[in-house]
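Dear colleague,

I am passing on the structure below, and after it I set out what was found. Please read the notes with the coordinates open beside you.

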Amino acid sequence: MDPILTGLLKPKSIAIIGASTNPTKIGYKVVLNLIESQYKGGIYPVNPSATEILGLKCYPTVNDIPYVVDAAVITVPAKGVLEVTKQCGEKGVKGLIIITSGFGEVGDVELEREIVRVAKSYGMRVLGPNIVGTLSNSDHMNASFAPFLPLPGKASLVSQSGALLIAMDAATYTRRVGFDKMISIGNMSDVDFAELIRYLSEDPDTSCITLYVEGLHDGREFINAARACKKPIIMLKAGVSEHGAAAAASHTGSLAGAAKVYSAAIEQAGITQATDLNDLFDSTLALSLQPTMKGDNLLILTNGGGVGVLATDAAEKYGLPLKFAPPEVQEEMKKHMPDFGSAKNPVDMTGMAGNDWYYETTKSAFAHPWVDGLVVLYCQTAITNPAEIAEAIHRGIKDAGVTDKPVTISFVGGEECDNAMEWLVERGLPAYNAPDLAVKSIINLRKQQQISEINNNGSYNPGKIDSEKARAIIAVARKAGRDALTEIEAKQVFKCYGLPVTATDLATSEEEAVELAEKIGFPIVMKIVSADILHKSDAGGVKVNIKNTDQVREAYRTILENARNYKPDALIEGVAVQEMAPWATEVIIGSINDKTFGPTVMFGLGGIFVEVLKDVVFRVAPISVEEAMRMQNEIRSAAILDGTRGELPRDKAALAKALAAYAYMVDDLKDEVAESDANPVILYETGKGVKVVDARIILTKK
Ligand code: ACO
């Protein structure tokens, strides 16, 4: 681990600059918190007008401290922070925890940058500014003005909102979800989410990383860090709006809102997305306490049919439908229930289930090789005691002798159930007051396993590409003062990256058009070529199914006439003569250059699916062929690709390759391509490939 970052986050000594004797001030509270959390390292208050604070010797400046100082918590007003930063640099402090507000968040970005610049010139790192501080149970360190250390646990939180961190800190006790660290990240002037993910991935006291994110500075770095992380990450993203999507020039641009791209990037990074604060806690509980689920066989034990049905519904809703337990599992279960129980799945032991049955079924189910994950449900009854049932379940899990499978539990009832669940959580067994939450949480553990398998998938190998030629084509357009390529140019660029485009050539006279048509072979399509006319059909600039030379001549004349009428000042280069691809399923591929995540590809079915239903998915480029295959399976109308109403399945393998090639292209040309569309792309039946029929590339502003 980076020793400087360790010095900041796991300091052996801390100076509090701006420490105060006044109990209402933050500078007082931080000193008190360090003492009360029983921090074992040196605590050195700094204040020029005090000699002692809370029984500790106080120093006029950090340089007067005669000991090594690893971290400095800064609680002086904004105007004094730069000077204090310099003093810390001279002292050899490793990291600054700047609680002070009044920088970038209120528009003073310059001062914030200057502080980071000065800090870095001394080799220091900066957490904040505008933060609560940082808390760690394993280090007995509350270097913050949050009231106390959180309930101890194995998750670690990184929060962009200080207020939310404080609220979550207190809620850990009522929600019974434990955390080891809580790190406030504020303005992220230096240390950011990506770096903390990397740090916590190596932290022995953290088993799961919980994030509250409002915005990212470098989305790609974030994705890379999350992908490389060895631990589950759960994230609540706030502050997303679709604002700004409408101004885009391409089809893809108009469909790509910030929320969609964020959501795709989070998914791609292998992060579990929380829907709200409750979900953030619930998901953290299981992800921090249990191993991932290695297969799809989920078994549910219950003493109540109702909660069993609710759990069954939830399993389907969250994407892991229950299967009937195999006969040998059913035989085993039947030994511990009355004849009128059901051993299928959910295993319903009926309301007669007592401690022994719970113990026996839990033990044998958890130990059975068919079972990949177990959910144990219990409804409070008059003939059972929740505390004893909890004890039986815990013993059953322990005696099964299995440690690489997950289990989640739900007790539905009153206060005694709550107490029993608290007891279970203290023993590392996630317990929830609703069956669907127990099921959702175990399915999160299944998804985590799938994510880690996916992240091990290889990257796309583009084979032979001609990046230089693509750039030369773009350079010609730029030289001509254009900010968009013509269709012919765009297709040539696509071709440089191995994308299968329809044969297309430019005719600047009727004669040339006839020659090209005969060379390509009838039927053909003819289209206007003008960077000033992006929507060619609207301009009457497209003629299809042209079958002979007479029709070529007529089409040539009509297209030019229509284009001139549509936009008299348009610069017209000629008419594209192109191969007419036989009709099949239309799909759209496109890209945008997202301001947070960079080049991002989109895929969807064409026509009403994209126009009306907006049934599209996004991925940050580049992507592997496997990822491209998953994109196809993710759209709502995915079934169409597999062949519906007697149609043959479509060539998904060829489409996946094209998608991966496209993503490679837009990533490779990210400095040149702002937005692009391949629309439509015709997708044929399996084995017959894809063909890009129309292409559009909008260039970046330079
Ligand atoms: N070296 C050492 N001590 C100094 C220095 C210095 N260079 N300069 C000032 N001090 C002392 C002051 O004398 C004072 O001590 P005193 O009480 O003995 O007089 C102490 O530092 C604090 O300075 P004050 O001027 O009293 O400032 P105050 O404590 O009122 O506010 C603070 C400082 C807390 C940093 C404030 O400016 C601020 O930024 N508050 C917001 C903090 C915050 O909310 N952070 C984000 C959290 S996220 C969320 O929303 C919860």
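The buried residues of α15 are covered by elements that include α10 (277-289), β17 (373-379), α14 (386-400), β18 (407-412) and β19 (431-432); helices (H or I, at least four residues) and strands (E, at least two) are DSSP runs, numbered from the N terminus, and buried means under 20% relative accessible area, exposed over 50%, with partly exposed in between (1.4 Å probe, protein chains only). This is a predicted model, in which local features need pLDDT of at least 70 and side-chain atom pairs count only at pLDDT 80 or more, while totals for chains, interfaces and linings use all residues. Residues are numbered from 1 along each chain as its sequence is written, and side-chain values use heavy atoms, with hydrogens and water left out.

Within α15, the buried residues are C417, A420, M421, L424 and V425. They lie on the same side of α15, because the arc they cover around the axis is only 140° (taken from the directions from the helix axis to the C-beta atoms). E415 and E426, on the other side of α15, are exposed. After α15 comes G428, which has a positive phi, near 85°.

As for the chain as a whole, it has 23 helices and 29 strands, and buried residues account for 57% of its 702 residues. Its C-alpha trace spans about 95 × 80 × 40 Å along the principal axes.

Elsewhere, F340 lies in the loop between α12 (327-334) and β16 (347-348), and it counts as exposed because its relative accessibility is 60%.

How values were computed
Contact = heavy atoms within 4.5 Å.
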